[in-house]
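Here are my notes for anyone opening this one for the first time. Have the viewer ready and follow the points in order.

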Amino acid sequence: DQRGALVAARDELTRFVMAYQFGLEEMLTKVNILKDEFSYVRDYNPIEHVSSRLKSPEGILAKAVRKGCPLRVDAIREQIFDIAGIRITCSFIADTYTIRDMLMSQEDVTVVEVKDYIAHPKENGYKSLHLIVQVPVFLSDRVEHVKVEIQIRTIAMDFWASLEHKIYYKYDGDVPQTLLDELRDAATVANRLDVKMERLHQEVSRLPHASAAETSEPSSA
Ligand code: 0O2
């Protein structure tokens with residue numbers, strides 16, 4: 001009957017969203033373990049900031065329509081990879097690859113897709129590393145393999161992407177050419193800053209540690 005069908009559809013949807021929530025939490029734990037480990041035992045942390053989000057039902061449906069994906073949970077599961085998303089902001093470009101490698105090499109993480117928009121920026125200037133990974137989620141009666149999208153980028157890339165995202169939505173995707181040109185220019189400037197900061201960081205890292213330098217000074221007393 002109709003009521004039975006509605007209850008079944010509701011339960012299916014709850015299970016669908018719940019699995020992504022759990023997959024997100026599992027992946028987030030992995031990222032936070034790396035972040036905390038770095039802060040406990042190393043002298044610098046390549047992870048500046050971590051954020052996460054579950055795509056809203058409206059967002060999922062809008063993306064499904066845009067991609068021509070049938071509006072069924074099985075099809076959505078197969079075709080939409082960013083229902084669960086994590087964004088990791090790093091200090092320097094090299095750090096984004098370090099974190100990518102650390103996550104990709106974990107035994108229970110299956111890499112589905114890697115897009116390197118840092119080495120190959122998008123036409124508009126967008127830079128970021130995108131990973132789609134799959135993690136097992138152990139439920140009461142089964143194991144679900146859940147896809148999570150991870151975006152890894154520097155602070156400068158993130159700064160650029162948030163403004164570009166706002167502008168894109170403000171103009172409903174139809175951004176005037178002058179603004180597009182300025183955004184591309186800003187992406188070049190952001191990249192120049194990233195390269196310069198990384199070089200400075202490397203130079204400073206090569207210097208002896210300040211306290212070590214002090215203690216190694218010959219004493220005049
Ligand atoms: P939102 O609102 O951030 O969730 P796909 O459609 O996912 O199969 P796509 O879109 O080519 O394939 O995937 P891609 O390129 O990996 O991009 C996925 C996400 O990366 C986007 O999600 C954005 O979050 C981000 N992104 C990609 N390109 C740009 C860009 O030019 N500017 C900015 N600011 N972000 C970008 P959504 O769902 O499109 O958007």
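1. A definition to begin with: helices (H or I, at least four residues) and strands (E, at least two) are DSSP runs, numbered from the N terminus. This is a predicted model, in which local features need pLDDT of at least 70 and side-chain atom pairs count only at pLDDT 80 or more, while totals for chains, interfaces and linings use all residues. Residues are numbered from 1 along each chain as its sequence is written.

2. Now the overall picture. The chain holds seven helices and five strands, in the order α-β-α-α-β-α-β-β-β-α-α-α from the N terminus. Its C-alpha trace spans about 95 × 50 × 25 Å along the principal axes. The radius of gyration is 22 Å, whereas a compact globule of 221 residues would come out near 17 Å (taken over C-alpha atoms; the globule rule is 2.2 Å times the number of residues to the power 0.38).

3. How much is tucked away? Buried residues are 22% of the 221 in the chain. Here a residue is buried if 20 or more other C-beta atoms lie within 10 Å of its own, exposed if 12 or fewer, and partly exposed in between, with C-beta atoms placed from the backbone.

4. Next, the sheet. The five strands form an open sheet in the order β1-β2-β5-β4-β3, with mixed pairing. β1 (47–54) and β3 (110–116) are the edge strands with a single partner each, so one side of each has no neighbour in the sheet. From one strand to the next the twist averages 20°. Two strands count as paired if DSSP finds at least two bridges between them, and the angles here run from 0 to 180 degrees between N-to-C directions, with axes being lines fitted to C-alpha atoms, for helices over the stretch in contact.

5. Walk through the pairings one by one. β1 and β2 run antiparallel and are joined by seven bridges; Leu54 has Ala84 in β2 as its bridge partner. β2 and β5 run parallel, with six bridges, and Ile88 is partnered with Ile152 in β5. β3 pairs with β4 (residues 129–138) in the antiparallel sense over six bridges, among them the one that links Val114 to Leu131 in β4.

6. By contrast, α2 is hardly covered: one of its eleven residues is buried. After α2 comes Gly68, with a positive phi near 70°.

7. Helix α1 (residues 2–41) lies across β1, β2 (84–90), β4 and β5 (143–154), at about 175° to β1. The largest nonpolar core has 27 residues, and those with the most contacts inside it are Met27, Ile88, Ile99, Val133, Val148 and Ile150. A core of this kind is a set of buried Ala, Val, Leu, Ile, Met, Phe, Trp, Tyr and Cys residues joined through C-beta atoms within 7 Å. α1, β2, α4 (93–104), β4 and β5 give two or more residues to this core, and α1 gives the most, six.

8. Leaving out residues up to four places away in sequence, Ile99 touches Leu34, Pro46, Ile47, Ile88, Cys90 and Ile152. Contact means that C-beta atoms, placed from the backbone, lie within 7 Å.

9. There is also a second, separate core of six residues, including Met157, Ala161, Ala187 and Ala190. Ala190 sits in helix α6 (residues 177–206) and is buried, with 20 other C-beta atoms within 10 Å. Ala190 and Trp160 are 30 residues apart in sequence, yet 7.4 Å apart in space, C-alpha to C-alpha.

10. Which residues surround the ligand? They include Lys63, Lys67, Lys115, His130, Ala161, Glu164 and His165 (a residue is near a molecule if its C-beta atom, placed from the backbone, lies within 6 Å of it). α2 (57–67) and α5 (155–170) each supply at least two residues of this shell; α5 has the largest share, three.

11. Last, a loop detail. Asp172 lies between α5 and α6 and has a positive phi of about 55° although it is not a glycine. With 7 C-beta neighbours inside 10 Å, Asp172 counts as exposed.

How values were computed: Contact = placed C-beta atoms within 7 Å.
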